[in-house]
Amino acid sequence: MTTPAEVFLRDYHDRNPAAASELAERGRVGGRTVYEAFADRVGPVRRLLDLGCGDGALLAVLAARGAEKLAGIDLSARQLDVARRRPGLKKADLRPGRAQELPFADGAFDAVVSHMALMLMADVKQVVAETARVLGPGGTFAIAVGGGGIDALEVFLKVARPLFAVVPPERRVPTSGDPRTRTREGLDELLAPAGFAPVEWHEAVVDLSGPLDRVWQTCQDTYYQMDALDETQLAGLQTAFKVATRPLLAPDGILPAGVRVNVAVTRLK
Ligand SMILES: C[S@@+](CC[C@H](N)C(=O)[O-])C[C@H]1O[C@@H](n2cnc3c(N)ncnc32)[C@H](O)[C@@H]1O
């Protein structure tokens, strides 16, 4: 059953089909893109599925590293249209749909990945059960989840939260993620009943520093709740953000900003 949060996500990403990968590609982890850094954790694989694959940016990186059979599923069909145009994804099996109901055969993949998407999903136990079903024995499940803002992005949330809280209920962005997906202990609790080993846990910081305007754009692209604000509220928030981050601004005009991203990797026992 499609949830209100899924309707929002499908609509948001249909309207902004390149937003997620443009945001991710702005960031650097030790000088590398977040997709490259995540792909290092996945390792070499032959048959791979991406849950919430967006516009295929991660799948393209994994295709370039030699994965032969690539598949992805996402709520947003417009993002999949972008993915199909990427070099390396011409033959990829890209399906519009829900990760809770995977249209793939039992044991079809050696690895399942999910980059900044599992944390948004409702009924995550069902997603985990479906993942275990489509993985072969010993299959890898690699998950990247957000771990909170740093510097200007932390300040942004402090300034924005009171505004998000007063958005009228009928305009509020619906959410449905399970908080257990954001912690090591929570993921182990969700994954163990489906037969997965305890996760390996890797913490990374994504550097999103830049000039004020660019960091403001990053804030707008990072938080779905921004979609509920009108022009006046956005302008007011931008001014408040500018004032609140002034003490952080370096003499060269660069505003430090980042997000923590946690990567969990496990195997089906
Ligand atoms: C923040 S974006 C990340 C996209 C992509 N993984 C990336 O890192 O570029 C989250 C994606 O998860 C997808 N998504 C959320 N819930 C989903 C679900 N239940 N089934 C399939 N896709 C889902 C959204 O449509 C969106 O494309």
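First, the residue classes: Ala, Val, Leu, Ile, Met, Phe, Trp, Tyr, Cys and Pro count as nonpolar, Asp, Glu, Lys and Arg as charged, and the others, Gly among them, as polar. On that basis, the shell around the ligand has eleven nonpolar, seven polar and three charged residues.

Now the ground rules. This is a predicted model, where local features need pLDDT of at least 70, side-chain atom pairs need 80 or more, and totals for chains, interfaces and linings use all residues. Numbering runs from 1 along each chain as its sequence is written, and side-chain values use heavy atoms, without hydrogens and water.

So who surrounds the ligand? There are 21 residues, with Tyr35, Gly52, Asp74, Gln79 and His115 the closest; near means a heavy atom within 4 Å. Helix H1, residues 4–15, gives the most to this shell: three residues. Helices here are DSSP runs of H or I, at least four residues, numbered from the N terminus.

Next, polar contacts, meaning pairs of N or O atoms within 3.5 Å. Tyrosine 35 puts a polar side-chain atom 2.6 Å from a ligand oxygen. The side chain of histidine 115 has an N or O atom 2.7 Å from an oxygen atom of the ligand. For glutamine 100, a side-chain N or O atom is 3.1 Å from a ligand nitrogen. The protein covers 95% of the 600 Å² of accessible area that the ligand has on its own, by Shrake-Rupley with a 1.4 Å probe.

Technical notes: A polar contact is a pair of N or O atoms within 3.5 Å; within protein, one must be able to donate a hydrogen and the other to accept it, and residues adjacent in sequence count only if both atoms are side-chain atoms. Helices (H or I, at least four residues) and strands (E, at least two) are DSSP runs, numbered from the N terminus.
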